[in-house]
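Let's take a walk through a protein model together. Keep the 3D view open and click along as you read.

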Amino acid sequence: MFTCVLSDAAKRALAGTRFADVRWVSETGSTNADVMALARAGVGEGLAIVADHQTAGRGRVGRTWSAPSGSSLLLSVLLRPTPAAAGFCGMAMGVAAVDAVSAVTGVTARLKWPNDLVWPGLGDQRDRKVGGILAEADWSDAASPAVVVGIGLNVNWPPSFPEDLRAIATSLNHVASRDVDREELLVAILRELDRRCDDGGLVDAVRARSATLGSRVRVELAAEVFDGDAAELTDQGHLVVAVDGGAQRVISAGDVVHLRPA
C-alpha cells in the first residue's frame, strides 16, 4: 500500500488543528474500517485516512459504494467526543463539507437528511448527489467513545457520467466546469471539521444548509413508507415530518426521497 505525502502547504494549513496524522493511500478496502481498526488499537483523536480508491467502500445500512480510482475524495477521520456529542459527529462533517466545497469550488452544495451532500436541483430538476457520509461508533469505552466519520465526495469524475447515475448524481468538476484539487479540498474540510467539532450551534448550521427542510418527502422506514412535508429538525438532528392529515412524525433513522424541490 503506497502512502502519498501531503504537500508542505497542506501540512502548514493543518498545523494547530486536531488532524496532525493524515495518511493518504493509493488503495484500501474501506477507510472507515481502517480507521476503526486503529481506533480499537488505541490511536488517538485526529487520525485521518484518505484513499484514491476503495475496493469495499460502504454506505448506510450496508450499501456498497464505488468510484473510479482518483475520481473522488475518500476520507475517514477518528474523533473521540464526549458521549453526549457522539451523535453529532456526522452532522459536523456534513456542515464542514458543504462549507469547504463552497470555498474551494464555488459550488453551493446542500445537506439531504440524513447523510448526503447534494447539488440542489434547479427549477423542476431533482437534487443530485455529490457525496455521502457514514458515521460509526465503538462504545467499548462508554466514557470515551471512538467515532469514525467517513465521507466520499465525487470530485473529478470523467466527462461521461454513468448512465444509471446521471439523473441522480453528479461530480463537483461537472458543476464547477473545472477540475478540483483534492488536496486543497481535503485541507479545507479538515480545517472546517476541526472548528465545527467545538461548535455549539451545529444543528442550526445544518438547518441553514438543508436541502430537505421545506421539501415534500417520502420517508422509507423498515416497516412502512409515507409521504409528508419536511418541517423541522429537532435539537438532536432528527427530522420532523408533517404527514397528510396534520400529524407530525419525528424520524431518527430512515431514508428520505425528495418529491419536489424545496
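What follows goes through the model topic by topic.

## Before we start

This is a predicted model, so local features need pLDDT of at least 70 and side-chain atom pairs count only at pLDDT 80 or more, while totals for chains, interfaces and linings use all residues. Residues are numbered from 1 along each chain as its sequence is written, and side-chain values use heavy atoms, with hydrogens and water left out.

In soluble globular proteins, nonpolar side chains tend to be buried together. A nonpolar core here is a set of buried Ala, Val, Leu, Ile, Met, Phe, Trp, Tyr and Cys residues joined through side-chain atoms within 4.5 Å. "Buried" means under 20% relative accessible area, "exposed" means over 50%, and "partly exposed" is in between (1.4 Å probe, protein chains only).

The largest core has 61 residues, and the members that touch the most others are Leu 75, Val 77 and Leu 185. Which helix gives the most to this core? That's helix α3 (residues 89–105), with 11 residues. Helices (H or I, at least four residues) and strands (E, at least two) are DSSP runs, numbered from the N terminus. Apart from this core lies another one, of eight residues, including Met 36 and Ile 49.

## Helix α3

Now look at α3 itself. It has 17 residues and reaches 24 Å from its first C-alpha to its last, close to the 24 Å expected at 1.5 Å a residue. (The expected span is 1.5 Å times one less than the number of residues.) Because 14 of its 17 residues are buried, α3 is largely enclosed by the rest of the structure. Just after α3, Gly 106 takes a positive phi of about 80 degrees.

## Helix α5 and Arg 196

Helix α5 has 15 residues and also comes close to its expected span: 21 Å from first C-alpha to last, against an expected 21 Å. At its start, a side-chain oxygen of Asp 181 reaches to within 2.9 Å of the backbone nitrogen of Glu 183. Among the buried residues of α5 are Leu 185, Leu 190, Asp 194 and Arg 196. Leu 185 is in contact (heavy atoms within 4.5 Å) with residues including Leu 73, Val 101, Leu 153 and Leu 172, leaving aside neighbours within four places in sequence.

Is Arg 196 buried or exposed? Arg 196 is buried, with a relative accessible area of 8%. Its side chain makes a polar contact with the side chain of Asp 99, at 3.3 Å. A polar contact is a pair of N or O atoms within 3.5 Å; within protein, one must be able to donate a hydrogen and the other to accept it, and residues adjacent in sequence count only if both atoms are side-chain atoms. Beyond neighbours within four places in sequence, Arg 196 is in contact with Ala 92, Val 95, Asp 99, Leu 202, Ala 205 and Arg 209.

## Two cysteines, no bond

A disulfide is a covalent bond between the sulfur atoms of two cysteines. The rule used here asks for a pair of cysteine sulfur atoms within 2.5 Å, and by this rule the count is zero. Cys 89 is buried at 5% relative accessible area, whereas Cys 197 is partly exposed at 28%.

## One aromatic pair

How many aromatic pairs does a search of the whole structure find? It finds one. The rings of Trp 157 and Phe 161 have centres 4.8 Å apart and planes at 35 degrees, so the pair is tilted. For the rule, rings of Phe, Tyr and Trp (its six-membered ring) pair if their centres lie within 6.5 Å; planes under 30 degrees apart count as stacked, over 60 as edge-to-face and the rest as tilted. Trp 157 is buried, with a relative accessible area of 7%, and Phe 161 counts as buried at 5%.

## Asp 138 in strand β9

Last stop: Asp 138, in strand β9 (residues 128–138). With 13% relative accessibility, Asp 138 counts as buried. Its side chain and that of Arg 40 are joined by a polar contact of 2.8 Å, and the side chain of Asp 138 also reaches the backbone nitrogen of Ser 140 at 2.8 Å. Not counting residues up to four places away in sequence, Asp 138 touches Met 36, Arg 40, Pro 145 and Ala 146.
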